[in-house]
Amino acid sequence: SRITQNNRIELHFRLNDAELALSDKSFYARKVNGTGKFENGSLTIEHVSGMLGNGQFQLSCTTNAKERQSVNWHFHGNNINVAQLGSVLQMFKIKLPILSQHQLYGEVSTIDLNITGSSNKPIITMRAIPKGLYYKPLGLSRSLRAASGSILYTQDNLTLDKVTFVNHTDK
């Protein structure tokens, strides 16, 4: 880290087999590797990878506080619990209602999440392949377990492609 001639703080970091966690235990990552920097109000995380819960993840993102919290994210994960991903988004003050309102919860075998724009009104695209993923539509009292297919979320529109749902009594 250093302070420039204009009294700006620059911080460059490298993560080597790091562990990151929130005190409320909603997020825990280990074996985290990658680089990043904080310059002129902008945080850049470059090709960070590691273990999130029992799954693997890769994250590249830029968040700029000076430009009304502009974001440019790409997250890819395998065997991820989406609750932990929701905690990451909360840390960066990005609202994804389908996760924050627990409409989707549980594990996915694969997930890709892209976020661009401002953190107040981000453009969000998510594609997930369910593993132990549950879907609870608003107004229903019970959740349905997604057994197969793919789930696409784009700008508050949820598309279910060849998704098979089973209720809790199906074996």
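In which loop is Gln 155 found? The model examined here is a predicted one, in which local features need pLDDT of at least 70 and side-chain atom pairs count only at pLDDT 80 or more, whereas totals for chains, interfaces and linings use all residues. Residues are numbered from 1 along each chain as its sequence is written, and side-chain values use heavy atoms, with hydrogens and water left out.

Gln 155 lies in the loop between β9 (144-154) and β10 (157-166), where helices (H or I, at least four residues) and strands (E, at least two) are DSSP runs numbered from the N terminus. Although Gln 155 is not a glycine, its phi is positive, at about 45°. With 39% relative accessibility, Gln 155 counts as partly exposed, a class that falls between buried (under 20% relative accessible area) and exposed (over 50%), as judged with a 1.4 Å probe and protein chains only. Asn 40, in the loop between β3 and β4, also has a positive phi, near 50°, and counts as partly exposed because its relative accessibility is 33%. Most residues other than glycine have a negative phi.

The protein contains two helices and ten strands, arranged along the sequence as β-β-β-β-β-β-α-α-β-β-β-β. Its C-alpha atoms fill a box of roughly 65 × 35 × 25 Å along the principal axes, and buried residues account for 38% of its 171 residues.

Helix α1 (residues 82-91) is mostly covered, with seven of its ten residues buried; these are Val 82, Gln 84, Leu 85, Gly 86, Ser 87, Val 88 and Leu 89. The elements against which the buried residues of α1 pack include β3 (28-39), β6 (70-81), α2 (97-100) and β7 (104-118). At the start of α1, a side-chain oxygen of Asn 81 comes to within 2.8 Å of the backbone nitrogen of Ala 83, and the helix is followed by Lys 93, which has a positive phi near 60°.

Terms used:
Contact = heavy atoms within 4.5 Å. Polar contact = N/O pair within 3.5 Å; in protein donor to acceptor, adjacent residues only side chain to side chain.
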